[in-house]
Amino acid sequence: MSEHPVIARLFASNAQWAADVDQAEPEFFTELAQGQSPPVLWIGCADSRVPESVITGSRPGTIFVLRNIANQFHLDDDSALSALTYAVDHLGVEHVVVVGHSECGGASACFNAAPSYTSGEPCATEAINKWLYPVTALAASLHLSSAPKEEALPILIEENVKMQVDNLSQTPAITNAWKNKNGKGKDVYIHGWVFDLASGRLKDLRVSRGPSSK
């Protein structure tokens, strides 16, 4: 066992969880090892306060996950494009959800950086600043700097989710699925949500897209 208490706790908790599940459902892990067919691809923020399976009360095998800083989907990100293609074409995912959250540190940093934003290619050398550049550009375009941050940040968070929904709708994996259904013959839909940390509730931004709204 690890000499680090935090790591030791993780292993102890895992062992207890596995034992509890095995006692309640003896065949669960055997069935889990046979494969996956999750109905949902969750594209969320890496924030530790937004664990998708926990906040939705979902069992292992329900949600295929892609998380990063500020829940973005860059159209030139091979990792994200690969995850999306695999989810849609091979796993038969029916719902792709982009989930932002309140008090997002990435969005907050972009709001702070927006007044010094200049259009064009990002000149930042730090990886995180280059990664956040599209959200910084979005913040600048919304002209939120004159508003109090507590009012402006929720707007930026929602608009960022909407931007990612738009990005997803332009990908070959989605456009092909809308023409031909996915690899499992199912329709595919994109949704945009925000998780409120203060209440624990998900908010549907009602920007869903599907085959009939392409």
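1. Which residue of β2 is the bridge partner of L41? The partner of L41 is F64. The model is predicted, so local features need pLDDT of at least 70, side-chain atom pairs count only at pLDDT 80 or more, and totals for chains, interfaces and linings use all residues. Residues are numbered from 1 along each chain as its sequence is written, and side-chain values use heavy atoms, with hydrogens and water left out.

2. The chain has eight helices and five strands. Helices (H or I, at least four residues) and strands (E, at least two) are DSSP runs, numbered from the N terminus. Read from the N terminus, the order of elements is α-α-β-α-β-α-β-α-α-α-α-β-β. The C-alpha atoms fill a box of roughly 60 × 50 × 35 Å along the principal axes.

3. The five strands make an open sheet in the order β2-β1-β3-β4-β5, with mixed pairing. β2 and β5 (201-204) are its edge strands, each pairing on one side only. Neighbouring strands of the sheet are turned by 25° against each other on average, direction ignored. Two strands count as paired if DSSP finds at least two bridges between them. In general, strands of a sheet pair through backbone hydrogen bonds, either parallel or antiparallel.

4. Strand β1 (residues 40-45) pairs with β2 (residues 63-68) in the parallel sense, over six bridges.

5. Is β1 largely enclosed or open? Six of its six residues are buried, so β1 is largely enclosed by the rest of the structure. Buried means under 20% relative accessible area, exposed over 50%, and partly exposed in between (1.4 Å probe, protein chains only). Across the chain, buried residues make up 37% of the 214 residues.

6. Helix α4 (residues 78-90) packs on the sheet and touches β1, β2 and β3. Its direction makes about 170° with that of β2. Axes are lines fitted to C-alpha atoms, for helices over the stretch in contact, and angles run from 0 to 180 degrees between N-to-C directions. Of the contacts (heavy atoms within 4.5 Å) in the chain with a separation of 6 or more, 65% join residues 24 or more positions apart.

7. The chain exposes about 12,000 Å², of which carbon and sulfur atoms supply 53%. Accessible areas come from the Shrake-Rupley method with a 1.4 Å probe; for residues, only the protein chains shown count as cover. V6, I7, L10 and F11 form a nonpolar surface patch with about 390 Å² of accessible area together. I7 is found in helix α1 (residues 5-24), and its relative accessibility of 34% makes it partly exposed.

8. Which backbone angle of H143 deserves a look? H143 has a positive phi of about 55° although it is not a glycine. Most residues other than glycine have a negative phi. H143 lies in the loop between α6 (127-142) and α7 (149-169), and counts as exposed at 65% relative accessibility.

9. R206 also has a positive phi of about 55° and is not a glycine. R206 is found in the segment after β5 and is exposed, with a relative accessible area of 72%.

Terms used: Patches are made of residues with over 30% relative accessible area and no salt bridge: like charges are joined within 9 Å, nonpolar side chains (Val, Leu, Ile, Met, Phe, Trp, Tyr) within 5 Å. A salt bridge is a side-chain nitrogen of Lys or Arg within 4 Å of a carboxyl oxygen of Asp or Glu.
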